[in-house]
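This briefing goes through one structure, topic by topic. Please keep the sequence and the 3D view open while reading.

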Amino acid sequence: LASSMPVLDELANDLELCADTLVHVQGHTDGDGDAGTNLALSVARAETVVAELIKRGVAESRLYAEGYGESDPIASNNTKDGKAKNRRIAFAITQE
């Protein structure tokens, strides 16, 4: 998470300029393990990011933590590199 802090700082600053937007914080996992556990893990990841954005002054009412578990891979879960790419947070910014 420490390496993500500059990205979260930049996002929080950008969101100050776009006060009428909502942020959907989307957590994802690789395909290892139980699907239910992965879903819970992805929600927990998204909630952690939401908490960090709130610490940076983004209004909680603008933030939505969403977990997708292993349901939306962007790479193969058959390689170490692919699994690493699938363990991610994505953001969807929408108008209020």
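**Leu 39 and its surroundings**

Leaving aside residues up to four places away in sequence, Leu 39 touches Gly 67, Tyr 68 and Gly 69. The model is a predicted one.

- Leu 39 belongs to helix H2.
- The relative accessibility of Leu 39 is 40%, so Leu 39 counts as partly exposed; the buried class would need a value under 20%.
- Between Leu 39 and Thr 29 there are 7.7 Å from C-alpha to C-alpha, and the two are ten residues apart in sequence.

**Helix H2**

- H2 runs over residues 35-55, which is 21 residues. From the first C-alpha to the last it reaches 30 Å, close to the 30 Å expected at 1.5 Å a residue.
- The buried residues in H2 are Asn 38, Ser 42, Ala 46, Val 49, Val 50, Glu 52 and Leu 53. Because these residues cover an arc of only 160 degrees around the axis, they sit on the same side of H2.
- An α-helix has 3.6 residues a turn, so residues three or four places apart point the same way.
- Thr 37 and Lys 55 are exposed, on the face of H2 turned away from its buried side.
- The cover over the buried residues of H2 includes helix H1 (5-17) and the strands E1 (21-28), E2 (63-67) and E3 (88-95).
- At the N-terminal end, H2 is capped by Asp 34, with a side-chain oxygen 3.0 Å from the backbone nitrogen of Gly 36.
- After H2 comes Gly 57, which has a positive phi near 95 degrees.

**The sheet**

- Three strands form an open sheet in the order E2-E1-E3, and the pairing is mixed. E2 and E3 are the edge strands, each of them pairing on one side only.
- On average, neighbouring strands of this sheet are turned by 20 degrees against each other, direction ignored.
- The pairing of E1 with E2 is parallel and has five bridges. His 24 stands opposite Tyr 64 in E2.
- H1 packs on the sheet, where it touches E1 and E3, and the direction of H1 makes about 5 degrees with that of E3.
- H2 also packs on the sheet, in contact with E1, E2 and E3, and the direction of H2 makes about 160 degrees with that of E2.

**Gln 26**

- Gln 26 is located in strand E1.
- Is Gln 26 buried or exposed? Its relative accessibility is 17%, so Gln 26 counts as buried.
- Not counting residues up to four places away in sequence, Gln 26 touches Glu 66, Tyr 68, Arg 88, Ile 89, Ala 90 and Ala 92. Tyr 68 is also one of the residues that Leu 39 touches.

**Helix H1**

- H1 has 13 residues, which should span 18 Å at 1.5 Å a residue; the end C-alpha atoms of H1 are 19 Å apart, which agrees.
- Leu 8, Leu 11, Ala 12 and Leu 15 are buried in H1. Seen down the axis of H1, the buried residues fall within an arc of 100 degrees and therefore line one face of the helix.
- On the other side of H1, the exposed residues are Pro 6, Glu 10, Glu 16 and Leu 17.
- E1, H2 and E3 are included in what covers the buried residues of H1.

Conventions. Residues are numbered from 1 along each chain as its sequence is written. This is a predicted model: local features need pLDDT of at least 70, side-chain atom pairs count only at pLDDT 80 or more; totals for chains, interfaces and linings use all residues. Side-chain values use heavy atoms; hydrogens and water are left out. Helices (H or I, at least four residues) and strands (E, at least two) are DSSP runs, numbered from the N terminus. The expected span of a helix is 1.5 Å times one less than its number of residues. Buried means under 20% relative accessible area, exposed over 50%, partly exposed in between (1.4 Å probe, protein chains only). The arc is that of the directions from the helix axis to the C-beta atoms. Contact means heavy atoms within 4.5 Å. A polar contact is a pair of N or O atoms within 3.5 Å; within protein, one must be able to donate a hydrogen and the other to accept it, and residues adjacent in sequence count only if both atoms are side-chain atoms. Two strands pair if DSSP finds at least two bridges between them. Axes are lines fitted to C-alpha atoms, for helices over the stretch in contact, and angles run from 0 to 180 degrees between N-to-C directions.
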